[in-house]
Amino acid sequence: MKKTKKDVMIKVDNVSMRFNLGIDKGFSLKQGFVNMLDPKKRKAQKEAKDKNEFWALKDVSFEVNRGEVIGFIGSNGAGKSTLLKVVAGVMKPTKGKVEAYGNICPMIELGAGFDSQLTARENIYLNGAVLGYPKELIEAKFQEIVDFSELHDFLDVPVQNFSSGMVARLAFSIATIVEPEILIVDEILAVGDMAFQKKSLNKMMSMIKGGTTVLYVSHSIDQVKSLCDKAVWLEHGVVQDAGDCEKICKKYEDFVNNR
Amino acid sequence: MKTFMNNIMYSLQKYKFLMSQLVSRDFKVKYKRSVLGIVWSLLYPVLTMAVMALVFTNMFKMSMPGVNYLVYLMSGLVLFNYFSEASNLAMSSVVGNFSLLNKVYIPKYIFPLSKCLFVGINFLLTLIPLYAIILLTGTGLNWYHLLLPFAFICLFLFTLGMGFILSTISVFLRDMFYIYGVVLTLWTYMTPIMYDFAMIPTQLQFIFKLNPLFWILYFVRDIIIYHQVPGINVWIYCLLFAFGFLFIGMFVFKKNQDKFIYYV
């Protein structure tokens, strides 16, 4: 692991992300041939393509130091989740560079790779492998996962027979057994029934406050205020402002109220 | 080149566990709730072969002088079935796992590779009925059988290369699933599985020789049926086609994999 001065954990450098909204939908061989023969249509199509271009992120740059908790705020579609996915390595930025020094636990969507036909026991191993846990870790923490999810009696039942709350409990328990150096959270996930919601909320809070570096997206300004040291305010893929959490949240609240 | 190889080795080591989990998932899901379970891996090829043997020996009166037709047919079928099933599954593996690719970082080559491995294990099981036929028909064994893994590895690498190419194309062009179905049917008849290659008119034979599976089959049958070591040219063709397709596939896949996510 490389370390730069000041102990930078994540470095996002001029990251831009482009999506083509109408990309493959309008494509057909016939259209392709017609366009090839008719320059006017070809031009029209190119313009349509440019119009369909959507920049989810534009020149976003920031650094995160070890142990910092950074909140991302902004309206729907501002590019917050895309940014988290880029940092997690799920997407590669169209332009710019992302560097992360440390193992990342992306809690963006839970239960990735669950197979509904397999039992809970089998899914713990499968989902763990998908999340990149080594076999030894899953074996060592197996009991802990089962205890936390409280699904002792259903270990050998196929997941398709579970209620959605039970699936969410299992997924949450698997995702949170690691102690990552970088935690990426898209909305605090409180899942299951009331008792489990409380338990999972506590677990998330203790993970966030436990000294790890956290990137945190939320629409709850209060939670951002109480958890984060710094905040980044995104709007239409552009960083509006970044810095001290209280200050940025205030600005964002003013912006929303005056709209 | 060396660091490239090192990277591949490191990545394979790191994702070994995930791969084994994906392969075992495929196995569990495939045989869940079937009464005979894994026995089907043995039974299925035997029954298909029995049907084909019945049709070709009794209805079309197919026979080859000096060669046991059953062994000829079975050896062709076992190898071709591996190719067709593995390439088909590998093709849909990337599209089929989009929901996963969209959520967590996993190297994308894992999906075609795990499918080729999964069908590969099935393939090894189908060797049991093949050898049963070889022994029962009195074709007999010889020491050259120890060379067969060479052909199997070439078949695996060629299929993996095809899997990379097909899975990449199918992300951008979903029509590929249908197109490839037709191509596979044509491929079945363009490969001497059920008929003797000598039946093909001489002026057309060169087309058949462009087929990598032709050479792999040639290699295997030289050993199993004719009890001889394949000529040096057969070895070379097998190697060239296997690594040629593997490298093309890896290149195409690597070049396009970052764009996959836009075509969900």
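Which helix of chain B has the lowest mean pLDDT, and which the highest? In this predicted model, helix H1 (residues 2-14) of chain B has the lowest mean pLDDT among the elements of that chain, at 80, while helix H7 (residues 148-172) of chain B has the highest, at 96. Chain B as a whole has a mean pLDDT of 90, and 99% of its residues reach 70 or more. For the model, the scores are ipTM 0.82 and pTM 0.86.

**Where the chains meet**

Let us turn to the contact between the two chains. Chain A contributes 25 residues to the contact and chain B contributes 18 residues. On the chain B side, helix H2 (residues 16-31) gives the largest share, six residues. Sorted by class, the side of chain B that touches chain A holds 11 nonpolar, two polar and five charged residues.

**A helix pair in chain B**

Next, have a look at helix H10 (residues 212-224) and helix H11 (residues 232-256) of chain B. They pack at an angle of about 140°, and their axes are 9 Å apart. H10(B) and H11(B) are therefore oblique to each other, and H10(B) passes H11(B) in a left-handed crossing. From H10(B), the residues Pro212(B), Trp215(B), Ile216(B), Tyr218(B), Phe219(B) and Asp222(B) take part, meeting Val234(B), Tyr237(B), Cys238(B), Phe241(B) and Phe245(B) of H11(B). The contact of H10(B) with H11(B) comprises 10 nonpolar residues, no polar ones and one charged.

Over in chain A, six strands form an open sheet with mixed pairing, in the order S5-S6-S7-S3-S8-S9. Its edge strands are S5 (104-107) and S9 (238-244) of chain A, each of which pairs on one side only. From one strand to the next, the twist averages 15°.

At the S9(A) end, strand S8 (residues 230-235) of chain A pairs with S9(A) in the antiparallel sense, over six bridges. To find your way in this pair, look for Trp233(A), which stands opposite Asp241(A) in S9(A). Helix H9 (residues 245-257) of chain A packs on the sheet, where it touches strand S3 (69-73), S8 and S9 of chain A. The direction of H9(A) makes about 140° with that of S9(A).

Terms used: Residues are numbered from 1 along each chain as its sequence is written. Chains are lettered from A and ligands numbered from 1 in the order in which they are written. This is a predicted model: local features need pLDDT of at least 70, side-chain atom pairs count only at pLDDT 80 or more; totals for chains, interfaces and linings use all residues. Axes are lines fitted to C-alpha atoms, for helices over the stretch in contact, and angles run from 0 to 180 degrees between N-to-C directions. Helices (H or I, at least four residues) and strands (E, at least two) are DSSP runs, numbered from the N terminus. Angles under 35 degrees count as roughly parallel, over 145 as roughly antiparallel, 65 to 115 as roughly perpendicular and the rest as oblique. A crossing is left-handed if the near helix is turned anticlockwise from the far one by less than a right angle, and right-handed if clockwise. Two residues are in contact if their C-beta atoms, placed from the backbone, lie within 7 Å. Ala, Val, Leu, Ile, Met, Phe, Trp, Tyr, Cys and Pro count as nonpolar, Asp, Glu, Lys and Arg as charged, and the others, Gly among them, as polar. pLDDT is the predictor's confidence in each residue, from 0 to 100. Two strands pair if DSSP finds at least two bridges between them.
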